[in-house]
Amino acid sequence: MSPELPVGSDVEGDSKPASDDAADASDAAAANAPADAADAADDVSPENSASSVSETMASAPLPASQTVEAAADAPLPAAPLPAAPLPEASLPEASLPDAPAEVPQPSTPEALPGQTKNLQLASPEEPVATEDNKDAPSSSLEDRLVDRGWKVRKEAIEEAIRRLENEDAFFDTLAPLMPKLVNESNASCLATAVDLALKFADGPDAAVACRVCEGTVAQLVEKGFNGRPKVAETSQEAILKFIEVDAPEPAIGILLNGFKNRKPKIPPLCLATVAQAVSYFGVTDMPVAAILQAIKPLFSSGKAPVRDGAVKVASEIGKFTGMALLEPILEGVRDTQRQEVEKSVQEGTTGPSVGLRKYREASESADAQNGGAAETKASAPPQMNPRDFAPEIDLLRALKETEFRTRLAEAKWSEKVAAMNIAISTIGSIPKLKPGEYGDLVDQICALVGHSHFQVSGHAVKLLSLLAEGLGDSFRPYVQKTVRLFIQTLNNKKVVSTAKAAFLKLYLDSTALESLALVMEDVKGAFSGNKQLSAVHGREAMFQILSACLSEPEPNVPKQEGAEAVEELADVAIAHLSDRDPKIREGATVLLCALAKPNPLLSQASGLRRRIDKLQSTFARVHKRVLEQASSAADGPSRPAAPRSPERPVSQSKPEKKLSPEKKLSTSAVEQKASLPPSAEVDVSDAFAEPTPPKKQPPARFRRPATTRTRSAKPDAKAPSRPQTTSRGGGAGGGAGPKGKTSAAPATDTEEDENIALSPDEAEALLGEALGGTVWGEVSGGEGLGSTKWQQRKAALETLANALGSQAVPVSGLLAAVTVYVSSKTRNLKESNFNVMKEVLTLFSAAMDQVVEEAAGADGVVQVSKVKSAIAPVVKVSVEKLNDRKLGDAAKAFLVSAAEVVTPRFIALRSLKGLNDARAPLAKIAIVKFLQELIDGFGASSLG
């Protein structure tokens, strides 16, 4: 209804004052305007805007005394502006004067608080979609995705999800809107927008997803991670999808920034997402250096979830790279955190569980070209090298800021060692050095290699190897000089282990030494000529170095040895097969085996084959062993090789499960068994092949005396269950079985030990005659085993161990004398000083190894019964020491070495006897664990 004016009123003139009621009504309407505007702002939609405004206008008539001009200028109520045309305020013809005035239309005011600024009044030609007019056209999807009403936006996002599933072209249209859609304040819309982001990231076009990855991931972190748990989980999945489509660096960079976010929910979720990304996609394409730098301060965070997240990220990275790359960030962390990381790294990994999409697409393409036949290398990421993720260090500049040169110039050896430790710590666990002028530094370090103090010499050798590894090709001018110094230090027994490790690092981890052909003259000079290594342990170490270098199937730095170098090394090894020292002969044989094994890194030409064939007439045993090693390597290794060093990076394949030192045989024992001929090695693979494996017979070289009784194949059914001894004639009660054979166990295993028929004086005279006056004087003199200082007694035992292997008299014939003499000097093997007692056990372990070498000789025959009698006292003491914290490993090593000679059955029976005599529960537990390891190592059938 249009408001009517009183008849006779002057339209052009001044209007009369409003009545009191009209004024009150106007004041009330003005007072309620803000409240009405606030209520209307809660829900603004095209369906109800027009009708609500029309009703408001109709329910607010103008006062009767108000003129038309005042009516036109009167403010509208604070209701939402309509999208439909306002009703015209026309006057009835009867109430207008002769010349009716034109009533102006009210102009559109600016948006009130809570209203959409760009909302336009609808024209009469554009009808609005309402409940009564559902067929009216709606706005486009792009407009509704950014609409002010959250319900409209949610419906539009759901429609976008449906269109993504059916229209590939819609990805390009939606891409620019993705960061804005995820930046949602409404919780319901945010959940739907995160689902849209996950669907978008998993789209067919990776390039489109990468274009908007940075902005979208930033909003997923800021909004999604701070939302409801389900929204946070979906946001994490969406970010991982963006990483999968080949956008790891921008996404990981945003997650690293999230580590510093002040919102408590975001940093733990960012850490968990980074850890999951490393587990899914590996480290090859990840910014590992930036990740490690970002998590380093988080280990000491005051929030437990953040600390746990940092440990998880470090553990996942360590599974691919090893502990060496993690050492810089683990300095100063809690012991529990380090232990957790080390435990996870030891478990290893099978490689990326998902992999980036580009590698999967390459794999599918390769399979399609091959007819879908085989799995190709395209499915795997490129080869990972931990050095690629280590930061480059400017060593020369860093050392100028320290006391390195000042302390290196000091005369005291301790100052020189401290100076080199500064350089070693600066280089770090994974050397990666910036190229520069290192000539002066290398010359200074080389001058210290020959220092009289072994600490200075050892540290100089270690520093040179780190420089060679870190500089790579830049160290090539100094490589020959360095190798020559390394070889010379092998004569120093206190530095030999450091020199061996340094030579291996130089060859396997540095590009400076391309092949052994560059230093072949120095290598050959170590065995002959004026530069020959005078010490036996030096030449033995050189053989070990060469064998280790040539046996490594996959060095960190690829190598290639030519046919000429291989043949020259073979000539060196063959020339030492007749050496008088058995350790040198063994080292030469192992080197020949390494040269003969099929290896892509070696050029094994016909010249090497001819040299090996000639051994058949001169060194038949060596020839047989070399051929067996070569054939077994061609068929595949019978047992997995142990890792070269703990710094070796973990491969992409799942590593073999490693046991702690308490749960496996001693390392020294395993190394000793590895040096035995193939016939002497114990094959444990068939112990698990069949439920009831056949019984193994002892090696042929361990021949029993002719008088030794054997177990009956078919014991008499009437024989007593307990084994009984019988006389040679087999009288009554003897338990004789068929064919007169006894059913009792061998006497050497069950009966009491025979007393050694040697007095200490007789044993001393026998050893003095066998070893010679000079050596025996060092062993038995006042500064030997007769000394009151444990250091001198320990040194005497070392001298005795070295002397036993270099004498013409077989060690098996001297074992009884050694046992009697050493027992008399160590209180019947009850020495109180653990250093001396440990050396005693090491002495007998070396003696057992020497017996094995003698048995492997051309005419080697070992009387097992004599050996058992000789070492029985040592076996008894070793079983008692299995629970000793300081002597347990040495005791276990001796028992394992003895089992190779006197059979595992003998050692097991003596261990059971010690188990019965033991009183302490921990001692019993230690013996039981050793028995289990003995069975695992030798097989249950070896116990008879």
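Helix α8 passes helix α11 in a left-handed crossing, that is, the near helix is turned anticlockwise from the far one by less than a right angle. The model is predicted, with local features requiring pLDDT of at least 70 and side-chain atom pairs pLDDT 80 or more, while totals for chains, interfaces and linings use all residues. Residues are numbered from 1 along each chain as its sequence is written, and side-chain values use heavy atoms, without hydrogens and water.

The axes of α8 (residues 187-201) and α11 (residues 229-244) come within 8 Å and cross at roughly 20 degrees; axes are lines fitted to C-alpha atoms over the stretch in contact, with angles from 0 to 180 degrees between N-to-C directions. α8 is therefore roughly parallel to α11, a term for angles under 35 degrees. Among the residues of α8 that meet α11 are Leu-190, Val-194 and Phe-200, where contact means heavy atoms within 4.5 Å. The residues of this contact comprise ten nonpolar, two polar and three charged.

The largest nonpolar core has 83 residues, and Leu-467, Phe-503, Leu-516, Met-542 and Leu-550 touch the most other members. Such a core is a set of buried Ala, Val, Leu, Ile, Met, Phe, Trp, Tyr and Cys residues joined through side-chain atoms within 4.5 Å; buried means under 20% relative accessible area with a 1.4 Å probe, protein chains only. Helix α23 (residues 454-471) gives the most to this core, with nine residues. Apart from it lies another core, of 80 residues, including Ile-266 and Phe-320.

Technical notes:
Buried < 20%, exposed > 50% of the residue type's maximum accessible area, 1.4 Å probe, protein only. Helix = DSSP H or I, 4+ residues; strand = E, 2+ residues; numbered from the N terminus. Parallel < 35°, antiparallel > 145°, perpendicular 65-115°, else oblique. Nonpolar A, V, L, I, M, F, W, Y, C, P; charged D, E, K, R; others polar.
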